[in-house]
Amino acid sequence: MYFFNSVDRSNLGNAETDGLSKDLHFKGNEYSLLILLFYVPFGLCDLPLNLLTKLFSGKIMLPTLMFAWGSLALIQCAAKNFAGLLVIRLLLGTCEAGFFAGVVFYMTLFYTRGELGFRLAIFFGSALLAAAFSGLISYGVFQINNPHVQGWKWLFIIEGGLTVLVALIAYLWLPGTPENAWFLNAEEKLAAKARSLRDGSKNVESEFSLKQAFATWKGWKFYVWCIICFTYPVAFSTTSNFLPQIVARLGYSTVKTNLWTVAPNAVGFLVLLAVAKSSDYFRERTFHIIFALCLSLIGMIILATVDVLFNKGVAYFACFLMAAGAYTPSVLVHSWHNNNNLEENSRAANTGLLVGLGNLAGILSAATFRKEYAPVYKPTLIATSCCNAVCICFVLFMGVWMKMENTRRNRQQGIALKAEDVNTNMLADGEKSEQWRYFT
């Protein structure tokens, strides 16, 4: 499902390489404006939609959102001008908002804290495969020579139609919770509940409560999470939305440009799985996140400083670094803050807001990716690099503080506890519980 979410959100970049702006008579920076304004509803609607996911369950909300955005993605082919496409993109952003946050919350109900990172990586990795798939299908579709239906219209028709089909299947397939999963027998349902209470939540299937949902918003750590979640996604937005334009700087044809976006995203998928698996295995988030942020930071610095026409190999390698590092924080950051939140309502609200902040951060990337900055787009790369640097500092601060706090508590109590040593159903008071240890 997220595969098609990513395809329908990012295929505008592929469509642009086939003359979307020319066919719809865009002027000035209207293409960048399309991407920029998309992020407004895409960021503002995450929190309310994620609360609805908690209230009505992922079984209902996730396929409903998918059916809506798939229909809108298909309708994009009927746009005749900038205004028409803008209206569709705004509605598309509203429907796509809440899906990633909803799935992150949904998966915390099924997987333990030590499993969440890799499972989210498999889920989120579909975004990288989507970029590769979109590049491949664009390569084929854009070779269709039809005077009445341009290649970019076929792209929207094919990808939007497939999304609607998968949404209908999802209504029948997805369970609401492990306790009512159609594919588990009675013993397996009891085991799933026990797993969650051992290493996931302090209670399961809790009633919807707005009071509990916003309980953690008063603490200082919440605002550090906000800064982290506003800065790391800028690199993700720059990579996912503008990689075709960045690769186009190498001077290749439209067809080859789309084809050459496949390899960086495919390698990025493998790096994502490896880093997330390592993070779960060692039950460590801080330095794995910093490693990924550094990868994309190095890639952007290279692209901003080298002459890509005379150093095509180096520039293309930098695209691999960007794809390898830009996606991983989306998985591990949201695994990390959910690992340290044992209340379901609070997880739904926090994930909704923090993912929404990240989506709004896409505005920064789109606002700096302006036509007059082509072909280097140095302001975009500099702004994104600065966001990565800020994020590295705050991730390091939060991780080191948590590790030091765990050490302080162990010293004070004369024991050597780690987060995995205590069943989460024994931590009724959360961070105030005597046996609480941070998942770092």
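Good morning, colleagues. I begin with a salt bridge: the side chains of glutamate 420 and arginine 283 meet with 3.2 Å from N to O. Please keep in mind throughout that this is a predicted model.

Where do the two partners of that bridge lie? Glutamate 420 belongs to the segment after α20 (378-413), while arginine 283 sits in the loop between α15 (262-282) and α16 (286-305), so the bridge ties together parts that are 137 residues apart in sequence. With a relative accessibility of 35%, glutamate 420 counts as partly exposed. Arginine 283, at 18%, counts as buried, because the limit for that class is under 20%.

Glutamate 284 pairs with lysine 403, and their closest N and O atoms are 3.4 Å apart. Since glutamate 284 is in the loop between α15 and α16 and lysine 403 is in helix α20, this pair ties together parts 119 residues apart in sequence. Glutamate 284 is buried, its relative accessible area being 11%. Lysine 403, by contrast, is partly exposed, with a relative accessible area of 25%.

Glutamate 405 forms a salt bridge with arginine 409, with 3.1 Å between the closest N and O atoms. Both residues lie in helix α20, four residues apart, which is about one turn of the helix. As a general point, an α-helix has 3.6 residues a turn, so residues three or four places apart point the same way. Glutamate 405 and arginine 409 are both buried.

Some bridges also share partners: Arg113, Asp199, Arg283, Lys418 and Glu420 are joined in this way into one network. In total, the count comes to eleven salt bridges.

I turn now to the aromatic residues. How many aromatic pairs does a search of the whole structure find? The search finds 30. One of them joins tyrosine 2 and phenylalanine 99, which are stacked, with 6.3 Å from centre to centre and 10 degrees between the planes. Tyrosine 2 is in helix α1 (residues 2-16) and phenylalanine 99 in helix α7 (residues 99-108), so the pair ties together parts that are 97 residues apart in sequence. Are these two residues buried or exposed? Both tyrosine 2 and phenylalanine 99 are buried.

Phenylalanine 214 and tryptophan 217 show another geometry. Their rings are edge-to-face, at 4.8 Å centre to centre and 80 degrees between the planes. Phenylalanine 214 counts as partly exposed, at 29% relative accessibility.

Ring pairs also build a cluster, which links Tyr2, Trp69, Phe99, Phe100, Phe123, Phe124, Phe236 and Tyr327.

Arginine 89 is placed over the face of phenylalanine 38, 4.8 Å from the ring centre. Lysine 277 is placed over the face of phenylalanine 118, 4.9 Å from the ring centre.

Next, the cysteines. How many disulfides are found in the whole structure? The search finds zero. For cysteine 387, the nearest cysteine sulfur is that of cysteine 386, at 7.1 Å. A disulfide requires sulfur atoms within 2.5 Å, so cysteine 387 is in no disulfide. Cysteine 387 counts as buried, at 10% relative accessibility. Cysteine 391 is likewise in no disulfide, and its nearest cysteine sulfur, that of cysteine 229, is 7.9 Å away. Cysteine 391 is buried, with a relative accessible area of 0%.

Helix α18 covers residues 328-339. At 1.5 Å a residue, its twelve residues should span 16 Å, and the end C-alpha atoms are 16 Å apart, so the two values agree. How many of its residues are buried? Twelve of the twelve are buried, among them Trp336, His334 and His337.

The loop residue is serine 206, found between α10 (186-199) and α11 (210-213). Serine 206 is buried, with a relative accessible area of 17%. Leaving aside residues up to four places away in sequence, serine 206 touches Lys54, Glu343, Glu344 and Asn345.

Thank you for your attention.

Methods. Residues are numbered from 1 along each chain as its sequence is written. This is a predicted model: local features need pLDDT of at least 70, side-chain atom pairs count only at pLDDT 80 or more; totals for chains, interfaces and linings use all residues. Side-chain values use heavy atoms; hydrogens and water are left out. Helices (H or I, at least four residues) and strands (E, at least two) are DSSP runs, numbered from the N terminus. The expected span of a helix is 1.5 Å times one less than its number of residues. Buried means under 20% relative accessible area, exposed over 50%, partly exposed in between (1.4 Å probe, protein chains only). Rings of Phe, Tyr and Trp (its six-membered ring) pair if their centres lie within 6.5 Å; planes under 30 degrees apart count as stacked, over 60 as edge-to-face and the rest as tilted. A charge sits over a ring if NZ of Lys or CZ of Arg is within 6 Å of the ring centre and within 35 degrees of the ring normal. Contact means heavy atoms within 4.5 Å. A salt bridge is a side-chain nitrogen of Lys or Arg within 4 Å of a carboxyl oxygen of Asp or Glu.
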